[in-house]
Amino acid sequence: MTSASRAASAPASASGIRASRRAPLGWTAAGIVALCASVAVAVTIGPADIGVADVWSVIAAHLGVGTGAEGVSPIRDGIVWDLRLPRTLLAAVCGAGLAVCGAVLQSLLRNPLADPFVLGVSSGASTGAVLVVVLGVGGGALSVPGGAFIGAVCSFALVMLLSHSLGGTTDRVVLAGVAAMQLFSALTSFVVMTAADAETTRGVLFWLLGSLGGAGWSDVWTGTAVLVLVLAVCLGHARTLDAFAFGQDAAAALGVQVARTRLVLLCATALLTAALVASAGAIGFVGLVLPHAVRSLTGPGHARLLPVCALAGAVFLVWVDTLARTVLAPQEVPVGVVTSLIGVPAFVLVLYRTRRTR
Amino acid sequence: MTLNAERVSRAAGGRLVLDGVDLSPRTGAMTGLLGPNGSGKTTLLRLLAGVLAPASGLVTLDGRPLHRVGRRDVARRVAVVEQQTDTQLELTVRDVVRLGRIPHRRAWTPASAADDAVVTDALERTGLTGQADRLWHTLSGGERQRVQIARALAQEPRELLLDEPTNHLDIQHQLDVLSLVAALPVTSVVALHDLNLAAMYCDHLVVLAEGRVVARGEPAEVLTTDLVAKVYRVDAEITSAGPAGRPHVRFLGTLPG
């Protein structure tokens, strides 16, 4: 590790001095505008040929503003209000949630590769959800999100246990995560292949690859509620997360109750991941890629990083999902496939960068 | 009143790392912790910082048991500079120094003007004002130690604990870091390897061997040929040729056994 290679790896830092990168609320405001614009445009795009003005008048009518949407058939009204809008909003919620989970996990575990998908949490949540859907585990008392949450917590516990007994270093966490991801994916496939009929299998697999196709308003409300709750918890810990920059001991010496903080934040991210997986399946790499991009804009302070991460993740997934449902229309590509296609090269880039900065 | 350790013990891997150690640093003075690798210096510092709890014995801050004081309150009084630290984040010098304000800030509130003033002051006292916007990754080892000391100062501590702060530094930066610490108006406890540096800068020395205190006192009392032979298995000649008549250790070779 030489200072020259450090400097070379930080492109924004010519001669190691960084120009002001902080416009305190600038990025948050820009993110809100971008998100509103993205949602407004994305709902007008789709295989059904509905005019832009009609789409907006339908939405305005449902929101109780505007002159109403006369001349728009009930089917088209349904397409906009019951399919496109909840789907677009759920994409925003999922993108926001996954990006926040990634940012928090990366700081907490001090690992630039941490993300709910890489750490196997998403796979665990999928397994839990599939057990409920296909095998009826819980006998109706357990909802799909409930099953997903238990699965997410189990896989997270497994990853923590494995990485701890393997030495607890940052690369061990990722290796343990990969192991958990493989295990739970295999379990899921096993359950699906042995217990489900062909119809269920197709539906479940599509959903496991990550798809927003089944989005309804209830998913949007649940997801939003959990997102707001978890984001609030994480923002309340923003300063504490900053303290982890130099590791757990340094955080403890700065007055952080490390064990308690880890428990609270790991549970919060597991809860959010579970809620998202339960409605949209395991969408990978959003949580891995977005935080790195956003950190280079806002700097590492979490009070600024987390809100901008949420907004950037939301905008990103709204567009990726729009791409996924239009590129092969009327066929649909699972959104998780698209995020992985974008995410894998980005993953390699992150690995490459950390190799150079070590 | 300051930090105090009474008969503290701590085991690791079935071995006693610290075995009934007392330590009462004098308020405002610089206490040097000496001893070979594995003698328990780092563990003792971690106990004093409250990051680790003693298996038996008691660490107190102003007479109150440290575990009753609360982590945040401890961090407002006691700052720690670790041996070697690194981060994966792209932090500027100012970002790192700002971390020192964390124990003083509340959740949901941004840093206040008072916080910024303390950070600016810490940068100035450590001579880093002109480097505030440089990235951590581009700093040399000595500069990083300086930044960590500035971060510790931003905590506004009355006690400062340093674990071999001169490791991996060239000689100029070793002297530089220690004279900086010696000039601070805080009670400091510094683990050191270099006997001559300890003799030059510390007001008081405590020597550990196998988890026990084997000598304590002023540098001239503690650093003797016998002690160096016993603790380090090294033959040495000790004169008062150091700066201001401080002891100077000249090593002659290792001893058998």
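**Note on the predicted two-chain model**

1. Start at A:Ala99. Leaving aside neighbours within four places in sequence, A:Ala99 is in contact with A:Val286, A:Gly287, A:Leu290, A:Pro291, A:Cys309, A:Ala310, A:Ala312 and A:Gly313. Keep in mind that this is a predicted model.

2. Next, the core. The largest nonpolar core has 185 residues. Which of them touch the most other members? They are A:Ala99, A:Val100, A:Ala274, A:Cys309 and B:Leu48. Helix 4 of chain A, residues 74-108, gives the most to this core: 17 residues.

3. Now a helix pair. Two packed helices are described by the angle between their axes and the distance between the axes. Take helix 4 and helix 13 of chain A; helix 13 covers residues 286-298. Their axes come within 7 Å and cross at roughly 75 degrees. Angles from 65 to 115 degrees count as roughly perpendicular. Helix 4 of chain A and helix 13 of chain A are therefore roughly perpendicular to each other.

4. Which residues meet where these helices touch? Helix 4 of chain A brings A:Gly95, A:Leu98, A:Ala99, A:Cys101, A:Gly102, A:Ala103 and A:Gln106. Helix 13 of chain A brings A:Val286, A:Gly287, A:Leu288, A:Leu290 and A:Pro291. By class, the residues of this contact are 8 nonpolar, 4 polar and no charged. A:Ala99 is part of this contact, and A:Ala99 is also among the core residues that touch the most other members.

5. On to the contact between the chains. Chain B puts in 29 residues and chain A puts in 28. On the side of chain B that touches chain A, helix 3 (71-77) and helix 4 (93-99) of chain B each supply at least two residues. Helix 3 of chain B gives the most to that side, with 4 residues. What is the make-up of the side of chain B by class? It has 14 nonpolar, 7 polar and 8 charged residues.

6. Last, chain B as a whole. Chain B holds 10 helices and 12 strands. Its C-alpha trace spans about 60 × 40 × 30 Å along the principal axes. A compact globule of 257 residues would have a radius of gyration near 18 Å, and chain B has 19 Å, which agrees. Buried residues make up 47% of the 257 residues in chain B. Of the contacts in chain B with a separation of 6 or more, 65% join residues 24 or more positions apart.

Notes
Residues numbered from 1 in each chain as written. Chains lettered and ligands numbered in written order. Predicted model: local features only at pLDDT ≥ 70, side-chain atom pairs only at ≥ 80, totals over all residues. Core = buried A, V, L, I, M, F, W, Y, C linked by C-beta atoms within 7 Å. Buried ≥ 20, exposed ≤ 12 C-beta atoms within 10 Å, placed from the backbone. Contact = placed C-beta atoms within 7 Å. Axes fitted to C-alpha atoms, helices over the stretch in contact; angles between N-to-C directions. Parallel < 35°, antiparallel > 145°, perpendicular 65-115°, else oblique. Nonpolar A, V, L, I, M, F, W, Y, C, P; charged D, E, K, R; others polar. Rg over C-alpha atoms; globule rule 2.2 N^0.38 Å.
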